[in-house]
Amino acid sequence: MNKVVEAKLGMYDALMAMLNKGQWVAWPNGNQYLVIKPEDFRELMEPYDRLIDAEDEAGKAAQNE
């Protein structure tokens, strides 16, 4: 499978996990926000970094073709 697709699926899984861990909060202005803990936010960084790296590699490979 393409590394970019794998990385995007990993990012999707991480975001779904955050939706399950987070709590929706309504503000007085009517807007709703998903609130997560800082340590949970850090869990998003690894999949995001893998995605950025995979996209960079794909871009470099496309330029070399």
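**View 1. Buried residues of helix 2 packed against helix 1.** In this predicted model, the buried residues of helix 2 pack against helix 1, where contact means heavy atoms within 4.5 Å and helices are DSSP runs (H or I, at least four residues) numbered from the N terminus. These buried residues are D40, L44, P47, L51 and A54, buried meaning under 20% relative accessible area with a 1.4 Å probe and protein chains only. Residues are numbered from 1 along each chain as its sequence is written, local features need pLDDT of at least 70, side-chain atom pairs count only at pLDDT 80 or more, and totals for chains, interfaces and linings use all residues. Side-chain values use heavy atoms, with hydrogens and water left out.

**View 2. Geometry of the pair formed by helix 1 and helix 2.** Helix 1 (residues 3-21) and helix 2 (residues 38-64) pack with their axes, lines fitted to C-alpha atoms over the stretch in contact, 8 Å apart and at an angle of about 165°. That angle makes helix 1 roughly antiparallel to helix 2, a term applied to angles over 145 degrees between N-to-C directions on a scale from 0 to 180.

**View 3. Surroundings of D40.** D40 lies in helix 2 and, because its relative accessibility is 10%, counts as buried. Leaving aside neighbours within four places in sequence, D40 is in contact with M18 and K21.

**View 4. Helix 2 from end to end.** The 27 residues of helix 2 should span 39 Å at 1.5 Å a residue, which agrees with the 40 Å between its end C-alpha atoms; the expected span is 1.5 Å times one less than the number of residues.

Definitions and conventions. Helix = DSSP H or I, 4+ residues; strand = E, 2+ residues; numbered from the N terminus. Parallel < 35°, antiparallel > 145°, perpendicular 65-115°, else oblique. Buried < 20%, exposed > 50% of the residue type's maximum accessible area, 1.4 Å probe, protein only.
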